[in-house]
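Biologist: I am new to this structure and would like a short tour. Could we look at it together?

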Amino acid sequence: NNAIYFNEQTSKNCNVILVNSVYKKGSTGKIIDTLKNGIEKAKFEAFILYGRKEIDVPVHNAAICTSKIESLLCRLLNKLTKDDSLFNYFSTFEYIRIIKRYKPQIVHIHCLNDHYINQYVLFKFLKKHHIKTVLTLHSENLYVGCQEGHVFDCKNWCNGNKCLNCSKFKGSVKNKRTWKRLNNMFANFEELQITTVSPWLEERAKKSTICKDIPIKTVLNGLDDAFNFSLEKSNMLPDNLNDKKKILFVCANASNPHKGFKYFE
């Protein structure tokens with residue numbers, strides 16, 4: 001798959017571990033499933049580690065590693081720290097244990113939010129052991145101090161700034177601490193490659209000093225080979241619109257104002 005970077009020396013029986021908050025559900029969960037299928041189709045081995053149990057049937061080469069009790073405790077502690085990646089130590093050690101067991105050549109990380117993993121501990125391990133890592137950004141939370149998914153028109157985080165004058169979070173103590181943690185997380189990680197899902201997100205990430213030393217490249221989301229959609233056969237539109245031009249807008253939750261559907265209304 002084009003989101004995973006192999007070189008000519010890569011063994012055909014290597015392992016790729018994919019890490020995400022969910023699997024087979026939601027937008028990123030379905031992307032993870034497509035990536036796994038693509039990697040296996042290319043005759044590589046893939047293993048998925050995820051944090052939320054959204055599916056009840058066992059899945060080949062996949063494991064949920066996050067404790068529900070620990071995740072709940074993390075949510076409660078997050079109300080005090082406003083950083084949902086500070087806890088989940090026991091669950092994170094389980095992710096690391098499996099990574100050590102499979103000895104993957106590449107670890108491909110997606111969403112790290114949602115109280116299921118300690119991203120700082122995970123990255124410290126990957127960096128220390130020189131494991132080739134791909135981090136795909138689906139939002140802005142990993143290069144801004146407030147760790148918001150979308151910071152809209154805020155400019156306090158970019159072009160050398162450090163989230164010190166946040167208008168949303170009164171006071172800058174929390175932002176400064178998170179900013180420092182993120183900088184340490186990415187610093188001197190020579191085996192790290194960042195990919196973004198759009199040119200817009202790539203441009204934004206490059207403005208943050210957190211990512212200044214990390215190579216960043218856009219890899220657009222693809223479609224599953226099994227995807228076959230025909231608007232004419234879908235019976236989704238009234239007859240009087242069949243001769244009009246159509247725009248297909250696809251997202252996990254169109255009612256969410258952050259998704260931009262309002263611009264098509």
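Biologist: How many of the ten residues of helix H4 (residues 119-128) are buried?

Modeller: Eight of the ten are buried, so H4 is largely enclosed by the rest of the structure. Buried means under 20% relative accessible area, exposed over 50%, and partly exposed in between, using a 1.4 Å probe and protein chains only. Helices (H or I, at least four residues) and strands (E, at least two) are DSSP runs numbered from the N terminus. Please note that this is a predicted model, in which local features need pLDDT of at least 70 and side-chain atom pairs count only at pLDDT 80 or more, while totals for chains, interfaces and linings use all residues. Residues are numbered from 1 along each chain as its sequence is written, and side-chain values use heavy atoms, with hydrogens and water left out.

Biologist: Which residues in H4 are buried?

Modeller: They are Gln-119, Tyr-120, Val-121, Leu-122, Phe-123, Phe-125, Leu-126 and Lys-127.

Biologist: What caps the N-terminal end of H4, and what follows H4?

Modeller: Asn-118 is the cap, with a side-chain oxygen 3.1 Å from the backbone nitrogen of Tyr-120. After H4 comes His-130, which has a positive phi near 55°.

Biologist: How do helix H3 and H4 pack?

Modeller: H3 (residues 89-102) and H4 have axes 9 Å apart, at an angle of about 25°. That angle makes H3 roughly parallel to H4. Axes are lines fitted to C-alpha atoms, for helices over the stretch in contact, and angles run from 0 to 180 degrees between N-to-C directions. Angles under 35 degrees count as roughly parallel, over 145 as roughly antiparallel, 65 to 115 as roughly perpendicular and the rest as oblique.

Biologist: Which residues make that contact?

Modeller: From H3 they are Tyr-89, Thr-92, Phe-93, Ile-96, Ile-99 and Lys-100, and from H4 they are Val-121, Leu-122, Phe-125 and Leu-126. Contact means heavy atoms within 4.5 Å.

Biologist: Let us move to Glu-70. Is Glu-70 buried or exposed?

Modeller: Glu-70 has a relative accessible area of 13%, so it counts as buried. Glu-70 belongs to helix H2 (residues 68-81).

Biologist: What does Glu-70 touch?

Modeller: Not counting residues up to four places away in sequence, Glu-70 touches Asn-88, Tyr-89, Phe-90 and Ser-91. The side chains of Glu-70 and Ser-91 are joined by a polar contact of 2.7 Å. A polar contact is a pair of N or O atoms within 3.5 Å; within protein, one must be able to donate a hydrogen and the other to accept it, and residues adjacent in sequence count only if both atoms are side-chain atoms.

Biologist: Where is Thr-195, and what is its side-chain partner?

Modeller: Thr-195 is in strand E6 (residues 192-196). Its side chain makes a polar contact of 2.7 Å with the side chain of Thr-136. Thr-195 is buried, with a relative accessible area of 1%.

Biologist: How many disulfides does the structure hold?

Modeller: It holds zero disulfides, a disulfide being a pair of cysteine sulfur atoms within 2.5 Å. Cys-65 is buried at a relative accessible area of 8%, and Cys-146 is buried at 10%.

Biologist: Finally, what does the secondary structure of the chain come to?

Modeller: The chain has six helices and seven strands. Along the sequence, the pattern is β-α-β-β-α-α-β-α-β-α-β-α-β. Of its 265 residues, 44% count as buried.
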